Amino acid sequence: TKEQGKGTGLGLATVYGAILDHHGIIDVTSEVGKGTSFFMTLPCSDERAETHHKNKELLQGTGRILLVDDEDSIREAGKYMLEDMGYTVLLADNGKVAVELYESLHREIDIVIMDVIMPKMSGSEAFYKMKSINPDCRIIMISGFTKNEDIQKLKESGLAAFIKKPFSDVELNRVIEEVLEQSE
């Protein structure tokens, strides 16, 4: 809802973070031509709510993921999702910090999940710097606003995957599993 470069306009990530902080859940159903419904459940007790979609069990993984996004709410929600899947998570709030972390810890980082549009150093710039440090690094880019030709250039340079914001934990889990399988 905002102009490019003026923020992502993704209030859903903020809502998701608030719901998780209160031990609630959000279930999403979407059907082309019919629309999207969000079901938010907040508990009346201290016990965590159970998801309505029991068939969407997350595959558990191991390893370290570097999550890079300039929005606090997206980093926190993403960290929660990834830890729920079994991963250890490092956080960075921009591409410059991410490259510095990757440079010192790249042998310990299994996957980088990084926003495309960020201040100080964009995700695209950080992508190329990380690839120069380790050509085999596995990077998943995320964004709400990105031109297809930009993503295509990154794919041609070794981008492992792209996910459009907002995304669910189930979608993120599936993409991570696909990226890990590709590298085996």
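Analyst: A residue counts as buried under 20% relative accessible area, as exposed over 50%, and as partly exposed in between. The model discussed here is predicted.

User: Is Glu108 buried, partly exposed or exposed?

Analyst: The relative accessible area of Glu108 is 44%. Buried requires a value under 20% and exposed a value over 50%. Because 44% falls between these limits, Glu108 is partly exposed.

User: Which helices and strands make up the protein, and in what order do the elements run from the N terminus on?

Analyst: The protein has 6 helices and 7 strands. Read from the N terminus on, the order of the elements is α-β-β-β-α-β-α-β-α-β-α-β-α.

User: What share of the residues in the protein is buried?

Analyst: The protein has 184 residues. A residue belongs to the buried group if its relative accessible area is under 20%. The share of buried residues is 40%.

User: Among contacts between residues at least 6 apart in sequence, what percentage joins residues at least 24 apart?

Analyst: A contact here means heavy atoms within 4.5 Å. Among contacts between residues at least 6 apart in sequence, the share joining residues at least 24 apart is 62%.

User: Which element supplies the largest share of the largest nonpolar core?

Analyst: The largest nonpolar core has 24 residues, and those touching the most other members are Leu82, Met85, Ile111, Ile113, Ile140, Leu172 and Ile176. At least two residues of this core come from each of α1 (11-21), β3 (64-68), α2 (72-84), β5 (111-115), β6 (139-143), β7 (161-164) and α6 (169-182). The largest share, 5 residues, is supplied by α6.

User: Which residues does Met85 touch, not counting residues up to four places away in sequence?

Analyst: Met85 is one of the residues in the largest core that touch the most other members. Leaving aside residues up to four places away in sequence, Met85 touches Leu58, Leu59, Gln60, Gly61, Asp169, Leu172, Asn173 and Ile176.

User: How many residues are in the other core, which lies apart from the largest one?

Analyst: This other core includes Ala92, Ala98, Ala126 and Cys137. Its number of residues is 22.

User: How many residues apart in sequence are the parts that Arg64 and Glu108 tie together?

Analyst: The side chains of Arg64 and Glu108 meet in a salt bridge, at 2.9 Å from N to O. Arg64 belongs to strand β3 and Glu108 to the loop between α3 (95-105) and β5, so the pair ties together parts whose separation in sequence, in residues, is 44.

User: Are Asp115 and Lys165 buried or exposed?

Analyst: Asp115 and Lys165 form a salt bridge, with their closest N and O atoms 3.3 Å apart. Asp115 lies in strand β5 and Lys165 in the loop between β7 and α6, so this pair ties together parts that are 50 residues apart in sequence. Both Asp115 and Lys165 are buried.

User: Which helix holds both Arg174 and Glu178?

Analyst: The side chains of Arg174 and Glu178 meet in a salt bridge at 3.0 Å, N to O. Arg174 is partly exposed at 43% relative accessibility, and Glu178 is partly exposed at 36%. The two residues are 4 apart, about one turn of the helix, and that helix is α6.

User: Which residues do salt bridges that share partners join into one network?

Analyst: The structure holds 7 salt bridges. Salt bridges that share partners join into one network Asp69, Asp115 and Lys165.

User: Which residues form the nonpolar patch on the surface?

Analyst: The accessible surface of the protein comes to about 10,600 Å², and 49% of that belongs to carbon and sulfur atoms. Val28, a patch member, lies in strand β1 (residues 25-31) and is partly exposed, with a relative accessible area of 38%. With about 330 Å² of accessible area together, the residues of the patch are Val15, Val28, Phe38 and Met40.

User: How far apart in space are Gln152 and Phe162, C-alpha to C-alpha?

Analyst: Gln152 lies in helix α5 (residues 148-156) and is partly exposed at 40% relative accessibility. Gln152 and Phe162 are 10 residues apart in sequence, and their C-alpha to C-alpha distance is 9.8 Å.

User: Is the pair of Phe127 and Tyr128 stacked, tilted or edge-to-face?

Analyst: Phe127 is buried at 0% relative accessible area, whereas Tyr128 is partly exposed at 40%. The ring centres of Phe127 and Tyr128 are 5.0 Å apart and the planes stand at 85 degrees. Planes over 60 degrees apart count as edge-to-face, so the pair is edge-to-face.

Key. Residues are numbered from 1 along each chain as its sequence is written. This is a predicted model: local features need pLDDT of at least 70, side-chain atom pairs count only at pLDDT 80 or more; totals for chains, interfaces and linings use all residues. Side-chain values use heavy atoms; hydrogens and water are left out. A nonpolar core is a set of buried Ala, Val, Leu, Ile, Met, Phe, Trp, Tyr and Cys residues joined through side-chain atoms within 4.5 Å. Buried means under 20% relative accessible area, exposed over 50%, partly exposed in between (1.4 Å probe, protein chains only). A salt bridge is a side-chain nitrogen of Lys or Arg within 4 Å of a carboxyl oxygen of Asp or Glu. Patches are made of residues with over 30% relative accessible area and no salt bridge: like charges are joined within 9 Å, nonpolar side chains (Val, Leu, Ile, Met, Phe, Trp, Tyr) within 5 Å. Accessible areas come from the Shrake-Rupley method with a 1.4 Å probe; for residues, only the protein chains shown count as cover. Rings of Phe, Tyr and Trp (its six-membered ring) pair if their centres lie within 6.5 Å; planes under 30 degrees apart count as stacked, over 60 as edge-to-face and the rest as tilted.
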